[in-house]
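Here are my notes on this entry, point by point. Please read them with the model open.

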Amino acid sequence: MADVKRRLHLRHLRSAPTSWVSWTVQGKAKRSGTGLAFWYRPLTAVLSEVPVDDRELPLLFHARTEDFADVTVQATVTYRFSDPAAAAARLDFSIDPYKGGWRGQPLDQVATLLAELAQQPALDVLARLPLADALTTGIAPVRQSVADALATDPRLAETGVTVVSARVVALRPEPELERALQTPTREKVQQDADRATYARRAHAVQQERSIAENELQSKIELARQEQHLVEQHGANARRGAELDAESQLVTAQGEAERARLSAAAEADAERLRDEARAAGTRVVGLAEAEAEAARLAAYRDLPPEVLQSLALKELAQHLPAIGELTVTPDLLSKLIGRIGS
């Protein structure tokens, strides 16, 4: 909107670059154009302001298809005032000279006009299409028909309005009907999802089975290796026992051989000692015999009396000690008699 400033009894208007402003005094145009700034007297000035920028008009209306289904059309129309002087002459774009605001609602009038002009061709196109075709391929013909109708409408041209573009954003049926139409697709999507779930579960089961088989094979291989290890341990233990037995046998044989050799040596030594003792005994016996023979030979030539004396001497040497000796007359007489004889 125009910016109006007060200076005593005058007003100063400054318009935007996208606004066309017309200043008329007593039916005569003083100034007109975009981006103007001027002083004026509010009591005599007639001001009009027309926006010349592109404006977006959203549209939302209902239509009926060939099979009597209600659909909602959502569209957007872009327009601008290409001839602001014609628009100011046909519509009330006058502004308050004191405040700078529009006195009426000119843009609402333009919006109503565009909405009515856009709805009619859209209704005609949708009335010849069934619901399924309208939802699938109806947007393009509806958009084209709306654009053509707005571009060729004479009233818009007389008003100075140019439609830049017309867009149909969506065609939607009633919520219940839309859900019913979406049901087959949802079911198909759900079936695809179920199939994907089943395939994923089957794949998971297959993977689990493969993992279980691998684990079982691993356990079997581990058991086989443990069996080989136990057998190897047994073989090693058996070989160790055999080696120990052989070592003990060799040790026992060595000890037996040593014992045998020791016994043989002891037997030989004992035999030698016996032979030595026997030889010594024989030598001693021979010496004693020779001595005895020599002694007997010495005694053989002695008289009997001497032999008796020697015998008595020898006997006296072997008799026990005599503490007391009693000599009787009889013994003494016999002894003297033997001595005298």
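1. A cut-off comes first. A residue is buried under 20% relative accessible area, exposed over 50%, and partly exposed in between. Arg224 has a relative accessible area of 37%, so this residue is partly exposed. The same cut-offs apply to the residues below. Keep in mind that this is a predicted model.

2. Overall make-up. The chain has eight helices and 10 strands. Of its 341 residues, 24% are buried. The accessible surface comes to about 23800 Å². Carbon and sulfur atoms account for 56% of that surface. As for contacts, take those between residues at least 6 apart in sequence: 63% of them join residues at least 24 apart.

3. Strands of a sheet pair through backbone hydrogen bonds, either parallel or antiparallel. Here, an open sheet of three strands has the order 1-2-5, and the pairing is antiparallel. Which strands stand at the edges? They are strand 1 (3-7) and strand 5 (37-40). Each has a single partner strand, so one side of each is left without a neighbour in the sheet. From one strand to the next, the twist averages 20 degrees.

4. Strand 1 against strand 2. These two run antiparallel, and five bridges join them. Strand 2 covers residues 10-14. Within the pairing, Asp3 stands opposite Arg14 of strand 2.

5. The loop between those strands. Leu8 sits in the loop between strand 1 and strand 2. Most residues other than glycine have a negative phi. Leu8 is not a glycine, yet its phi is positive, at about 55 degrees. Is Leu8 buried or exposed? Its relative accessibility is 75%, so Leu8 counts as exposed.

6. Phe68 is found in the loop between strand 7 (55-64) and strand 8 (70-81). With a relative accessible area of 66%, Phe68 is exposed.

7. A buried arginine. Arg11 lies in strand 2. Arg11 is buried and has no salt bridge. How far away is the nearest side chain of opposite charge? That side chain is Asp96, at 8.1 Å. What surrounds Arg11, leaving aside neighbours within four places in sequence? Its contacts include Val4, Lys5 and Arg6. Phe38, Trp39 and Tyr40 are in contact with Arg11 too. Pro42, Pro97 and Tyr98 complete the list.

8. Salt bridges in general. Side chains of opposite charge can pair when their charged atoms come close. By the 4 Å rule, the count comes to 10 salt bridges. A few are set out in the next points.

9. A bridge between distant parts of the chain. Arg90 forms a salt bridge with Glu158. The closest N and O atoms are 3.2 Å apart. Arg90 belongs to helix 1 (residues 84-90), and Glu158 to helix 5 (residues 154-159). The two residues are 68 residues apart, and the pair links distant parts of the chain. Arg90 is partly exposed, at 45% relative accessibility. Glu158 is partly exposed, with a relative accessible area of 46%.

10. Arg224 forms a salt bridge with Glu221, and the closest N and O atoms are 2.7 Å apart. Both residues lie in helix 6 (residues 175-300). They are three residues apart, about one turn of the helix. Glu221 counts as partly exposed, at 35% relative accessibility.

11. Arg260 and Glu257 form a salt bridge. What is the separation of their closest N and O atoms? The value is 2.0 Å. Arg260 and Glu257 are three residues apart in helix 6, so about one helical turn separates them. Arg260 is partly exposed, with a relative accessible area of 47%. Glu257 is partly exposed, with 33%.

12. A network. Salt bridges also link Lys188, Asp192 and Arg195 in a network.

Note on methods
Residues numbered from 1 in each chain as written. Predicted model: local features only at pLDDT ≥ 70, side-chain atom pairs only at ≥ 80, totals over all residues. Heavy atoms only, no water. Helix = DSSP H or I, 4+ residues; strand = E, 2+ residues; numbered from the N terminus. Buried < 20%, exposed > 50% of the residue type's maximum accessible area, 1.4 Å probe, protein only. Contact = heavy atoms within 4.5 Å. Areas by Shrake-Rupley, 256 points an atom, 1.4 Å probe, with all protein chains shown as cover. Pairing = 2+ DSSP bridges. Axes fitted to C-alpha atoms, helices over the stretch in contact; angles between N-to-C directions. Lys, Arg positive; Asp, Glu negative; His and termini not counted.
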